Amino acid sequence: MSRPETLYLFVSCPGGVEPLLEEELQRILPRGRIHAMRGGCSVQGTAEDVMQINLESRLAQRVLVELIEGGYRHEDDLYVLARRVDWDRWIGPQHTIRVDTTAQRSPLRSLNFATLRIKDAICDALRDATGERPSVDTRAPDLPVVLHLGEDRAALYVDTSGEPLFKRGWRVDKGDAPLKETLAAAMLAAAGWRGTPETGGALHDPCCGSGTIPVEAAQIACGIAPGIQRRFAFERQLPFQPLRARWAEMKQAAQARVHPPAVPIFASDVAFRMVDFARRNAERAGVAQYIQFNGGDALERAAPKLPEGMPGTIMMNPPYGERIEVRGKAAAVREASGSEQRDADDDFFPRLAAHWKRSYTENPAGWTAWLLCPDMKLPTKMRLKENRRVPMWNGPIECRLFRFDLIKGSAREKPRAAE
């Protein structure tokens with residue numbers, strides 16, 4: 001039996017998530033050669049590894065296979081580089097393609113022209129090999145190709161994921177500013193929450209919106225693979241056709257390991273419409289029966305009752321500033337900006353901290369709160385001392401995931417961990 005071909009992969013992720021992705025990939029591929037780098041992780045793997053990462057990774061955005069890399073000065077150099085790839089090994093003329101280009105310090109004046117030269121090279125190569133040219137499909141191509149241009153080096157990749165991996169297939173109902181599933185998973189990973197009594201215990205999101213955090217948490221607690229409900233571009237690409245039986249085995253194994261959660265999960269929101277959205281998303285994700293949904297203000301709802309000896313984790317992405325306005329009876333929704341928005345934030349967060357101290361400090365096993373926010377002075381506003389802050393990006397917004405251990409009285413005496 002021949003040894004599987006080694007593929008050079010780039011698994012992309014949002015900025016700041018690279019170390020978490022590296023840890024996750026080590027769990028998915030225990031014998032893999034994985035290295036975190038800016039924007040993701042490099043992996044030396046096989047076609048089976050490509051399928052496994054797409055199915056199992058909660059943190060990755062895309063799984064790219066590097067085809068070729070080389071120097072360039074002009075667009076014609078890119079055409080020559082792309083013609084060196086055996087494109088008929090990946091697709092036939094009946095398949096569709098799309099080329100996307102990213103660049104850092106590229107000297108080329110037109111990235112659109114660079115993209116066109118790569119498309120021409122692929123089409124010309126297929127015509128020479130088969131007598132026909134493939135078509136372009138900008139929505140759902142069989143072969144999404146990514147060209148990355150550096151200052152003097154270019155690299156070509158095949159995107160095996162297709163749609164970005166945060167699209168799990170279950171979120172249809174959305175709020176005003178939905179949190180990506182991959183960021184929710186990164187928040188949980190940064191907190192060390194894995195859905196057991198020993199790794200964070202119960203989970204509560206009192207600003208659940210359309211339910212991304214609790215649904216993601218419930219799937220983790222149930223052992224549900226994030227990609228089990230969706231399709232991938234590699235399923236239509238030629239190198240993976242001999243592995244169709246193996247792909248079916250992977251999905252069957254993922255289905256077989258699903259189990260009821262060992263910890264309770266709670267979700268609430270001041271907007272009953274959003275609670276309904278969250279419940280419907282949870283139903284599509286197969287976890288609605290494991291999440292206790294409620295309406296109610298985050299500033300008023302009492303702490304959930306937990307099993308004796310079980311700790312609890314609050315995980316929140318509250319509405320803020322650039323995203324949407326703070327919701328809640330204590331900070332009524334209104335068309336506001338500038339100083340009015342700052343006043344709303346200044347009112348909401350101190351009252352939230354006071355509510356936590358009243359309602360979440362009675363559990364003997366303790367509650368830990370994690371809050372994603374772009375305001376670096378949030379601990380001062382809340383009059384709490386954080387003991388950890390993790391840099392994260394919510395789309396274009398630079399944020400910190402703050403950790404607060406909820407204890408009676410002031411937490412200001414606790415030492416601050418270095419960022």
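This is a predicted model: local features need pLDDT of at least 70, side-chain atom pairs count only at pLDDT 80 or more; totals for chains, interfaces and linings use all residues.
Me: Where do β7 and β8 stand in the order of the open sheet?

Reply: They belong to an open sheet of eight strands, in the order β2-β3-β1-β4-β8-β7-β5-β6, and the pairing is mixed. The edge strands are β2 (33-37) and β6 (135-136), each of which pairs on one side only. The names come from DSSP runs numbered from the N terminus, where helices are H or I with at least four residues and strands are E with at least two; counted in this way, the chain has ten helices and 15 strands.

Me: What lies 2.8 Å from a polar atom of the side chain of Thr313?

Reply: The backbone oxygen of Gly200 lies at that distance from the Thr313 side-chain atom. A polar contact is a pair of N or O atoms within 3.5 Å; within protein, one must be able to donate a hydrogen and the other to accept it, and residues adjacent in sequence count only if both atoms are side-chain atoms.

Me: What makes His204 count as buried, and with which side chain does it make a polar contact?

Reply: His204 lies in strand β9 (residues 202-205) and has 2% relative accessibility, under the limit for buried residues, so it counts as buried. The side chain of His204 makes a polar contact with the side chain of Tyr360 at 3.4 Å. Among the other contacts of His204, leaving aside neighbours within four places in sequence, are Phe266, Pro304, Thr313 and Trp367.

Me: How do you know that the buried residues of α1 line one face of the helix?

Reply: In helix α1 (residues 18-28), the buried residues are Glu18, Leu20, Leu21, Glu24, Leu25 and Ile28. Seen down the axis of α1, they fall within an arc of 155°, so they line one face of the helix, the arc being that of the directions from the helix axis to the C-beta atoms. These buried residues pack against several elements, including β1 (7-12), β3 (40-45) and α5 (181-190).

Me: How many aromatic pairs does the structure hold, and why is the pair of Phe232 and Trp247 called edge-to-face?

Reply: The structure holds eight aromatic pairs. The ring centres of Phe232 and Trp247 are 5.9 Å apart and their planes lie at 80°, so the pair is edge-to-face; rings of Phe, Tyr and Trp (its six-membered ring) pair with centres within 6.5 Å, and planes under 30 degrees apart count as stacked, over 60 as edge-to-face and the rest as tilted. Phe232 is in the loop between α6 (212-222) and α7 (244-256), whereas Trp247 is in helix α7, 15 residues apart. The rings of Phe234 and Trp247 also form an edge-to-face pair, because their centres are 4.9 Å apart and their planes are at 85°. Both pairs belong to one aromatic cluster, formed by Trp90, Phe232, Phe234, Phe240 and Trp247.

Me: What makes Arg105 count as exposed?

Reply: Arg105 has 66% relative accessibility, which is over 50%, so it counts as exposed. Arg105 is found in the loop between β5 (96-103) and α4 (111-130), and has a positive phi of about 60° although it is not a glycine.

Methods. Residues are numbered from 1 along each chain as its sequence is written. Side-chain values use heavy atoms; hydrogens and water are left out. Two strands pair if DSSP finds at least two bridges between them. Buried means under 20% relative accessible area, exposed over 50%, partly exposed in between (1.4 Å probe, protein chains only). Contact means heavy atoms within 4.5 Å.
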